[in-house]
Amino acid sequence: IADGASDEELRSRGLIRVHPDFLVVAIGLPSATFGGNPLDPPLRSRFQACSLRQLPLTERVDALRALAPGHDHATAQLADVADSLRLLAALKPTAAGGGQRGWGGVPWFPESVLAPLARTLAELGPEGAPAAMLIHRALPWSLLGEQAAAAVEGALRHLGLPAEKVPKKNGSKSGIKSGVITSTPLRLAAVSPCALPDGGVAVQLKWVGGKAPSLSNVPAGSLTPALGRWVPRAHELPLDAQEAALAELLQVHAMGSDVCLVGGKGSGKSRVARELSRVLGLPSATIHCYKDMSSRDLLQRRSTDARGDTVWEDSPLVSAARHGWLAILDGAHRLPNGLLAAALGPLLTDRRTELPDGSRLVSAAEWEALLARGHTLAELDSARIARVHPAFRMLATAEPPSAGSAWLSAEWLPCMQFVSLKATEPREFVHALQHNLQASQSTSDKAVAQQKALSRLLGLSDALWLGLAYEPQLRASV
């Protein structure tokens, strides 16, 4: 076609040559296992196929043991549990799950989530990080339906994971049942400063009673962390469920993962998020989610500058990624199906993403690799390549899945870990108030009257809790 014509002449004819290095790589899932449509023959003939098979169990166990040396039994348990959960997901897939939910609604368990779990095991040991608790962070089965939760717990007990006594749900008249351990035994004791090799700001986390090794080199933010012995703020009550959730969030942050904090209305999700920001000195940016949200609301949207020109404006989440803040995705359960994985999947899993304005965010490791190849900061800036700050984390808050909002699907699992914030019983609130009054060591008539009022309130809370357990109509009205 060129026939000796110059590039300018070809452009004048509307002809532009495709670069010889141009290549299309299509990534997909097996339609037989995960639903969807197979490629049409005319399209399929344009591609060569490469099938990525799962590694054998022995190789996967060896990889986990390399991440957690000295914990051979626990790492083998993690690999065995992952295989068992994938088997459950492959049994009787339901139409509602799009092929990604199996027996009782168990979603597909991704292999990629095991690496941060193994690193947590290496840092805290089996006592500080029980295998069942780690698996629950990757696949929070207690938030699924009763059939799925029973199937997963049965598989875990069959593999010999330890159990604990937990209250029965739905107002059962038998007081407790045997359940698999899902929460951390650790509580934060103190925070101390430490320096990273590259000069970055970091802290060391110590646990109450020394039940597990301290976590060192935990990335901190640009604000001053809450150093010294950790105590709740003066106006806040010490509640065990919230302290347990805080300890888990700190562990997930230390391993470099993003996290979703799941709890009912009024359970204290916002308080725990604020405390995480305070402990680590991380500035926070909140993104309020709604059902009609789009990918541009999460990344960049069009705006106008002072001169009236149209520009791209970073969302709070992208600003947090650039500057090392804590991005709080408030009410993530309201997001439309598929939006989180489509818009934020690359940023959450690989710490890289292409923004609508044509710029690109890359991970800190990729940024250092580009500099090592000889690229200068000016070249990277002209190419519109920026680094995701190492301290950046995303904390999503969500309400538990329900029949009307079954948001917890397989597409969420590779993107983040999950921490459940259990509801605080009324009796625990009263005990916390009593503890605060006793700590003041006041013997005045006012303090004595307050103690008597709290005792009556404790009796009322017990009666209310008993009514909620035995009266379905009362339970449905609160």
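Which residues is Ser277 in contact with, leaving aside its neighbours within four places in sequence? I found Leu282, Pro283, Ser284 and Leu326. A reminder to myself before going further: this is a predicted model.

**Entry: Ser277.** I placed Ser277 in helix H10, which covers residues 269-280. Buried or exposed, I asked of Ser277? Ser277 counts as buried, because its relative accessibility is 12% and the cut-off for buried is under 20%. I then checked the side chain of Ser277 and found one of its polar atoms 2.4 Å from the backbone oxygen of Leu282. Leu282 is also one of the contacts I had listed for Ser277.

**Entry: Thr120.** Next I went to helix H6 (residues 114-128), where Thr120 lies. Thr120 has a relative accessible area of 1%, so I noted it as buried. Which residues does Thr120 touch, leaving aside its neighbours within four places in sequence? My list reads Gly125, Ala129, Leu134, Arg137 and Met255.

**Entry: the nonpolar cores.** I had a general expectation here: in soluble globular proteins, nonpolar side chains tend to be buried together. The largest nonpolar core in this model has 105 residues. Which of them touch the most other members? They are Leu329, Met394 and Met416. I followed Leu329 and, not counting residues up to four places away in sequence, noted that it touches Ile287, Cys289, Leu298, Leu317, Leu335, Leu340, Leu344, Met394, Leu395, Ala396 and Thr397. There is also a second, separate core of five residues, with Val362, Trp367, Leu370 and Leu380 among them.

**Entry: a patch on the surface.** Then I turned to the outside. Val18, Phe22, Val24, Leu39, Leu43 and Phe47 form a nonpolar patch there, and together they have about 580 Å² of accessible area. Where does Val18 sit? I found Val18 in the loop between helix H1 (7-12) and helix H2 (31-34). Val18 counts as exposed because its relative accessibility is 57%, and the exposed class begins over 50%.

**Entry: whole-protein tallies.** The secondary structure comes to 18 helices and 16 strands. Of the 478 residues, 41% are buried. The accessible surface is about 25,800 Å², and carbon and sulfur atoms account for 55% of that. Looking at contacts between residues at least 6 apart in sequence, I noted that 66% join residues at least 24 apart.

Key: Residues numbered from 1 in each chain as written. Predicted model: local features only at pLDDT ≥ 70, side-chain atom pairs only at ≥ 80, totals over all residues. Heavy atoms only, no water. Patch = residues over 30% accessible without salt bridge, like charges linked within 9 Å, V, L, I, M, F, W, Y side chains within 5 Å. Areas by Shrake-Rupley, 256 points an atom, 1.4 Å probe, with all protein chains shown as cover. Salt bridge = Lys/Arg side-chain N within 4 Å of Asp/Glu carboxyl O. Helix = DSSP H or I, 4+ residues; strand = E, 2+ residues; numbered from the N terminus. Buried < 20%, exposed > 50% of the residue type's maximum accessible area, 1.4 Å probe, protein only. Contact = heavy atoms within 4.5 Å. Core = buried A, V, L, I, M, F, W, Y, C linked by side-chain atoms within 4.5 Å. Polar contact = N/O pair within 3.5 Å; in protein donor to acceptor, adjacent residues only side chain to side chain.
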